[in-house]
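Reader: I'd like to learn how to read helix packing and a core. Can we go through an example together?

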Amino acid sequence: MVFSSLIFIYAFLPLTLLLYALIKKNNLRNYILLIASIIFYTWGEPLYVLILIGMTFIDWISALIIQNACEKERSKKFILILTVTINLLIIGFFKYTGFLLSNINAIFGVPEVIPEILLPIGISFYTFQLISYVVDVYKGEVPAQKKFTYLLLYSSLFYQCIAGPIVRYSD
């Protein structure tokens, strides 16, 4: 779904805003936005929404471990580095596998078939947003979010997924 598509302008956005306006409790409003965001990402490629959810889950668990389970600074730093590395490997796979295989093919002639890997919607945005969250928890600037759904809303909010900006978790 593209922001300028008729389905977005005349159906998705008005319905989301209407539901948001009708519901007065903030926690229920958050769930409306989360459901709308998941639908938005699923519209582009249903399988890729699992990457968004999975990356958010990894960062959520990592932040909780950094805040609550790590006594030593070295352990916290290890979890931070591991989490950032996992995030960068995932985005690197989607963004650079085709490029890397094309160059290897040009030099060595293998592999014969280079797979076309579609880029998940907003992967750069939510990857760096999640990294900033874990770094902020590591630095002690924000507490780790106890509710997974709130962190998922932070990472998936549909109106920011392409244009950004990357927002600090504290904001």
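Reader: Which residues of the largest nonpolar core touch the most other members?

Author: Some ground rules. This is a predicted model, where local features need pLDDT of at least 70, side-chain atom pairs count only at pLDDT 80 or more, and totals for chains, interfaces and linings use all residues. Residues are numbered from 1 along each chain as its sequence is written, and side-chain values use heavy atoms, with hydrogens and water left out. A nonpolar core is a set of buried Ala, Val, Leu, Ile, Met, Phe, Trp, Tyr and Cys residues joined through side-chain atoms within 4.5 Å; buried means under 20% relative accessible area (1.4 Å probe, protein chains only). Here, Tyr41, Tyr126, Tyr133, Val137 and Leu151 touch the most other members, out of 38 residues.

Reader: Which helix gives the most to this core?

Author: Helices are DSSP runs (H or I, at least four residues), numbered from the N terminus. α3 leads with eight residues.

Reader: How do α2 and α3 cross?

Author: The axes of α2 (residues 26-44) and α3 (residues 49-69) come within 8 Å and cross at roughly 130°. That makes the pair oblique, the label left after under 35 degrees (roughly parallel), over 145 (roughly antiparallel) and 65 to 115 (roughly perpendicular). Ile38, Tyr41 and Thr42 of α2 meet Val49, Leu52 and Ile53 of α3, with contact meaning heavy atoms within 4.5 Å.

Reader: And how many residues of α5 are buried?

Author: 12 of 17, so to speak mostly covered. Among them are Tyr126, Tyr133 and Val137, and the buried residues of α5 pack against α2, α3, α4 and α6.

Conventions:
Axes are lines fitted to C-alpha atoms, for helices over the stretch in contact, and angles run from 0 to 180 degrees between N-to-C directions. Helices (H or I, at least four residues) and strands (E, at least two) are DSSP runs, numbered from the N terminus. Buried means under 20% relative accessible area, exposed over 50%, partly exposed in between (1.4 Å probe, protein chains only).
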